[in-house]
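Hi everyone, thanks for coming. Let me put the structure up on the screen, and then we can walk through a few places together.

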Amino acid sequence: MTNTNAKMGTKAVWAGEKDYLVHGATQVPVVLSVAYGYDDMDEWYDVAIGKKKGHIYGRNTNPTVQAFEDKVKTLEGAEAATSFSTGMAAISNTLSTFLVPGDRIVSIKDTYGGTNKIFTEFLPRQEIEVALCETGNHDQIEREVEKGCKILYLETPTNPTVKITDIERMAKAGKAAGALVVVDNTFATPMNQNPLSLGADLVIHSATKFLGGHADALGGVVCGSHELVEKIYHFREINGATMDPMAAYLILRGMKTLHLRVRQQCANAIALATYLQTKDIVEAVYYPGLETHPNHDVAKKQMKNFGGMLSFAVKGGVDTVRDLLPKLQYANRAANLGAVETTVGPARTTSHVECTPEERAAMGIPEGLIRISCGIEEIEDIIADFEQAFNHIESILKVK
Ligand SMILES: *Cc1c(COP(=O)(O)O)cnc(C)c1O
């Protein structure tokens, strides 16, 4: 294990590695074996009942996957972590571990699209009551939590308008009501925000995004106390949404550069947000690092830096988006986020594709909203790229 006093960047490199090295190798091996053999029947039994450390079958545990779990739990300052095939599996398994018919959950309207579908489509049909509050309306969340709930589920910053919720304040309200406080920390990453230290009980990541960082492996993880994580692990080992060892290896490798990537992504995000604010064609810029952000103070209090995600709205709506985005040379036009490449997409095609234009408008998402996940490129090139794309739009507008 890594010295717990080490700085985050050192932990990102070293944590969760040493315990899994074999043959003198300096890198964690990818163990693809599905099953583990025992000649000693008593030892096999002891491992099977959890009395002795070891592995039995790949749906339950795997050494490469455990190395990944150890690295994440160290970065989140958690006692324990358990992993999943995807971020959505982490979320749905965590909710299913604790919620039973008749329970109530409180959350916000701006959670990730898939999470919102769980709240609006799947939980109600299991007779679980869902109360979704206006994101960032702390008074309303507190009122709903006071009425009683099993789980208070938060995500901050949110997709795509990067709204901020005060984790410490909400965790207090949750605790007072006897609720489990769960936070999706995907956008912030453990480098910028550690919800457990702010009073949350469980923290979830889509490891597919910033943790992996290279858009080449799917995964999810939840961190918290031994007691809670053990329950979630039990649900997952039976229900089977296990992380693949190859994905675990790729994400583990990606995480060694997490601090460097995130540092560059944050620097690019504030520079790009500041630049976008100067353009006439840009109606609004959303980034928690801007002083114009409605909850900038809360972000400043609970985040070390403001993250690599931002969004902006252009004049001319969908027509401008259609002309602008294909002109960008250094951006993938894709649904993913958190990768080393800058990635752009309209909310109407990515995070809020399931909604009608009217529903998006009601959620405060203009049709001309573009989400940017900043990559690690040199910012001068990214700004020049946007500049030439904006110039192209201006020349079209002149012709029209
Ligand atoms: C992508 C994402 C998820 C879902 O993760 P998958 O790995 O795609 O299943 C959950 N929450 C947030 C905030 C995300 O961005």
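Let me start with a question: is Lys73 buried or exposed? Keep in mind while you look that this is a predicted model. Lys73 has a relative accessible area of 19%, and the cut-off for buried is under 20%, so Lys73 counts as buried. As for where to find this lysine, look in helix α3, which covers residues 63-76. Beyond its neighbours within four places in sequence, Lys73 is in contact with Ala78, Glu79, Ala80, Ala81 and Cys223.

Now to the sheet. How many strands form it, and in what order? There are 7 strands in an open sheet, and the order reads β1-β7-β6-β5-β4-β2-β3, with mixed pairing. At the edges you have β1 (80-84) and β3 (129-133), each pairing on one side only. From one strand to the next, the twist averages 20°.

Let me zoom in on one pair. One detail you can pick out here is Asp184, whose bridge partner in β6 is Ile204.

Which helices pack on the sheet? One of them is α6, residues 138-146, which touches β2 (104-108), β3 and β4. The direction of α6 makes about 175° with that of β2. Another is α7, touching β4 and β5, and its direction makes about 150° with that of β5.

The peptide bond from Thr156 to Pro157 is cis, with omega near -5°. Pro160 also sits in the loop between β4 and α7, and the bond leading from Asn159 to Pro160 is cis, again with omega near -5°. Val162 belongs to this loop between β4 and α7 too. Its phi is near 45°, a positive value in a residue other than glycine. Val162 is buried, with a relative accessible area of 1%.

One last stop: His23, in the loop between α1 (8-14) and α2 (41-48). His23 is not a glycine, yet it has a positive phi of about 60°. Is His23 buried or exposed? With a relative accessible area of 84%, His23 is exposed, whereas Val162 is buried.

That's my tour, and I'm happy to go back to any of these views.

Notes:
Residues numbered from 1 in each chain as written. Predicted model: local features only at pLDDT ≥ 70, side-chain atom pairs only at ≥ 80, totals over all residues. Heavy atoms only, no water. Helix = DSSP H or I, 4+ residues; strand = E, 2+ residues; numbered from the N terminus. Buried < 20%, exposed > 50% of the residue type's maximum accessible area, 1.4 Å probe, protein only. Contact = heavy atoms within 4.5 Å. Pairing = 2+ DSSP bridges. Axes fitted to C-alpha atoms, helices over the stretch in contact; angles between N-to-C directions.
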